Amino acid sequence: MRLFECGTLVPGCAWHTRAEDDAEVVRRAVDHLRGIHGETVIRETMVAHIKSRIREEAVAAE
Ligand SMILES: [Zn+2]
């Protein structure tokens, strides 16, 4: 799973999201930034910041 923690971008925010692919993580993160942090305009640089902070979440082998 791909994981994005908002606190890596907005210090102090505990929100995070995980999804199967980066595109979905970015979509959710943008929704969050709009709704919670009042970012009305999501610039390309913001998307790049989000993407650069997405990391692979280790999943325990079954
Ligand atoms: Zn946040």
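This is a predicted model: local features need pLDDT of at least 70, side-chain atom pairs count only at pLDDT 80 or more; totals for chains, interfaces and linings use all residues.
Colleague: Is Cys 6 buried or exposed?

Modeller: Cys 6 is buried, and Cys 13 is buried as well.

Colleague: Changing topic, what is the secondary structure of the chain?

Modeller: The chain has 2 helices and 3 strands, and along the sequence they follow the pattern β-β-α-α-β. The radius of gyration is 12 Å, close to the 11 Å that the globule rule gives for 62 residues, so the chain is as compact as a globular protein of that length.

Colleague: What does the C-alpha trace span along its principal axes?

Modeller: The trace spans about 40 × 25 × 15 Å. As for burial, 29% of the 62 residues count as buried.

Colleague: How many residues are in the largest nonpolar core?

Modeller: That core has 14 residues, and those with the most contacts inside it are Phe 4, Val 26, Ile 42, Ile 50 and Ile 54. Helices α1 (22-37) and α2 (44-53) each supply at least two residues of this core. The largest share, 5 residues, comes from α1.

Colleague: What is Ile 42 in contact with, neighbours within four places in sequence aside?

Modeller: With those neighbours left out, Ile 42 is in contact with Val 30, Leu 33, Arg 34 and Val 47.

Colleague: Now Arg 2. Where does it lie?

Modeller: Arg 2 lies in strand β1, which covers residues 2-5. The side chain of Arg 2 is joined to that of Asp 22 by a polar contact of 2.6 Å.

Colleague: Which residues does Arg 2 touch, not counting those up to four places away in sequence?

Modeller: The list includes Thr 17, Glu 20, Asp 21, Val 25, Ile 54 and Glu 56.

Colleague: And over the chain, what share of the contacts with a separation of 6 or more comes from residues 24 or more positions apart?

Modeller: Such residues account for 41% of those contacts.

Terms used:
Residues are numbered from 1 along each chain as its sequence is written. Side-chain values use heavy atoms; hydrogens and water are left out. Buried means under 20% relative accessible area, exposed over 50%, partly exposed in between (1.4 Å probe, protein chains only). Helices (H or I, at least four residues) and strands (E, at least two) are DSSP runs, numbered from the N terminus. A polar contact is a pair of N or O atoms within 3.5 Å; within protein, one must be able to donate a hydrogen and the other to accept it, and residues adjacent in sequence count only if both atoms are side-chain atoms. Contact means heavy atoms within 4.5 Å. A nonpolar core is a set of buried Ala, Val, Leu, Ile, Met, Phe, Trp, Tyr and Cys residues joined through side-chain atoms within 4.5 Å. The radius of gyration is taken over C-alpha atoms; the globule rule is 2.2 Å times the number of residues to the power 0.38.
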